Amino acid sequence: HGEIVPGERIGKFCLGSHIDDVKKLIIGDYKIHDKNSGMVEYAARFDMENFTLWFENGVLQQIGVYDGFEDKLGGKIGIGNTLPDIHSMYGSVHKEYDDWLIEGIEGICFELADNDEDEEWDELKAPICAIYVYKKFS
C-alpha cells in the first residue's frame, strides 16, 4: 500500500531503486521471473498479490498495481474508477496501445477491464483494472 506518484513511486517502492534494496522492502510472498534478452543484460519481474515490479539491469523500471490495491492517485483515482473520473480530476486522457494516459502527466498509465461478455464494450464505463508507474521520458 502507499501513495501513487507518477514517474516516481508507489508506496515505498521507488523507481530507480536497486533490486537488492527492493527485496528488503517486500513483506510476504513473491515470485521472481528472470529473463535474458539480447537488448537487456538482466531483467526480472517480481509478482506479488496485487503488485508487480519490473527490473532491468538490476534497477526498478516499472511498478504495476491491480485488483485489491486500495491506494489512489491524488487520493481519488484508483482501481475501479473510470475514465470519466480521471477526466473530471485531471483533464484529457488518450489511448496509446492498450493503455490510457493523462495529458500533461508523464510516468503513469491505466488499463481498463474488459468483461469479454458485452459486444458493445463501453470504455467510458469500464473500470480501471491496472495502474502502472514508470520512469518519465523527458
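The protein chain has two helices and 11 strands, where helices (H or I, at least four residues) and strands (E, at least two) are DSSP runs numbered from the N terminus. Read along the sequence, these elements follow the pattern β-β-β-α-β-β-β-β-α-β-β-β-β. This is a predicted model, in which local features need pLDDT of at least 70 and side-chain atom pairs count only at pLDDT 80 or more, while totals for chains, interfaces and linings use all residues. Residues are numbered from 1 along each chain as its sequence is written, and side-chain values use heavy atoms, with hydrogens and water left out.

**Burial, surface and contacts of the chain**

- Of the 138 residues of the protein chain, 37% count as buried, a term that stands for under 20% relative accessible area, with exposed meaning over 50% and partly exposed in between (1.4 Å probe, protein chains only).
- The protein chain exposes about 8,400 Å², of which carbon and sulfur atoms supply 46%; accessible areas come from the Shrake-Rupley method with a 1.4 Å probe, and for residues only the protein chains shown count as cover.
- Among contacts in the protein chain with a separation of 6 or more, 45% come from residues 24 or more positions apart, a contact being heavy atoms within 4.5 Å.

- Strands β5 (residues 43-47) and β6 (residues 51-56) run antiparallel and are joined by five bridges, and two strands pair if DSSP finds at least two bridges between them.
- The two strands form a hairpin with three residues between them, and R45 stands opposite W54 in β6.
- N50 is found in the loop between β5 and β6, and N50 counts as buried because its relative accessible area is 14%.
- The side chain of N50 reaches the backbone oxygen of G68 at 3.1 Å.
- Leaving aside neighbours within four places in sequence, N50 is in contact with G64, V65, Y66, D67, G68 and F69.

**Nonpolar cores**

- The largest nonpolar core has 31 residues, of which F51, L53 and F110 touch the most other members; such a core is a set of buried Ala, Val, Leu, Ile, Met, Phe, Trp, Tyr and Cys residues joined through side-chain atoms within 4.5 Å.
- Elements that give two or more residues to this core are α1 (19-25), β5, β6, β7 (59-65), α2 (83-90), β9 (99-102), β10 (105-112) and β11 (128-134).
- A second, separate core of five residues includes L101, C109, Y132 and Y134.
- Not counting residues up to four places away in sequence, L53 touches F13, V22, I26, A44, R45, F46, M48, L60, Q62 and I63.

Terms used:
Polar contact = N/O pair within 3.5 Å; in protein donor to acceptor, adjacent residues only side chain to side chain.
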